Amino acid sequence: MARVSERLPDNTDGEFYIDRSCIDCDTCTRIAPGLFAAASDHSFVARQPRDDGERLRALMAVVSCPTASIGTVPRLDAAPAVAAFPEPVAEEVSFLGFTSEDSFGAWSYLVRRPGGNVIVDSPRAAAPLMKRIEQMGGARLMFLTHRDDVADHAAFHRRFGCARVLHADDVTAATRDVERRLEGPDPVRLDDDLLAIPVPGHTRGHSVLLYRDRFLFTGDHLAWSEGRRRLVAFRDACWYSWTEQTRSMQRLLDYSFEWVLPGHGGRWHAPSAAAMRKELERCIAWMRG
């Protein structure tokens, strides 16, 4: 729980605050932009909620904060925020909230589909979230984009029996029991509407998941920067090879999609697949430069 005694001095006065345990994961600023903002190494409350809608968004940030660094005085009922997850993004895709400190607050997603639901990367195995996913049909697959964002994958496997998919080059001691290991550089068809695409760079075994040629779940490979107003990759968080990541980005031009749904960084819905391609080409040119 957040501690009032550790409240950061740059919080605006009012009921919501962030304390010194913040790890600057950007979850709160993405859920409730305007209410929360980022400083050099932490987030803070930039403005207090003005109405019930904004208060709900702020409470959703409380629920999703991986380090429980957001608090309220007096303590507010977070039940409506808990009930807001999974939060619909578009069509069958939802944001799961409940981010994990083990994944530095990476975002995870649920795809509801007739062939069996898919969880992309692992959130915290919070009891209310697990119950809600069960009510929505459980999960057949858990696609792990890379080694950093596996969090509570084992708990989800035990609860739902979902087969976990991870590239062999990113398997560690914590994931040695995954049911399906992707091998090599070639795309793998997981189902008629699901394509796993290896994109080494951020890590050696990073992969992305393409759903219905519309939604690309990108982990830490590709994201939208609201400040720069363009697609970006994270050069300062490239653990394997920037050269390989640039090549991997180039290979994504072979595919059609309209959505970028990352673990870190902003998501983006392009007006069309052609517009997405143009932005991807712009990103590649920047990476090469």
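The model is predicted. In it, six strands make up an open sheet, and their order is β12-β13-β14-β15-β18-β19. The pairing within this sheet is mixed. Strands of a sheet pair through backbone hydrogen bonds, in either a parallel or an antiparallel way. At the edges lie β12, residues 188-191, and β19, residues 268-269, and each of these strands pairs on one side only.

Strand β18 covers residues 259-262 and runs antiparallel to β19, with two bridges between them. Across this pair, W259 stands opposite H269 of β19.

P271 counts as exposed because its relative accessible area is 72%, and the cut-off for exposed is over 50%. Between P271 and A168 there are 35 Å from C-alpha to C-alpha, with the two residues 103 apart in sequence.

Turning to the cysteines, how many disulfides does the structure hold? The number is zero. For C238, the closest cysteine sulfur is that of C283, at 12 Å, which is too far for a bond because a disulfide needs the two sulfur atoms within 2.5 Å. C238 has a relative accessible area of 17% and is therefore buried, as the cut-off is under 20%. C162 is also buried, with a relative accessible area of 0%.

How values were computed:
Residues numbered from 1 in each chain as written. Predicted model: local features only at pLDDT ≥ 70, side-chain atom pairs only at ≥ 80, totals over all residues. Heavy atoms only, no water. Pairing = 2+ DSSP bridges. Helix = DSSP H or I, 4+ residues; strand = E, 2+ residues; numbered from the N terminus. Buried < 20%, exposed > 50% of the residue type's maximum accessible area, 1.4 Å probe, protein only.
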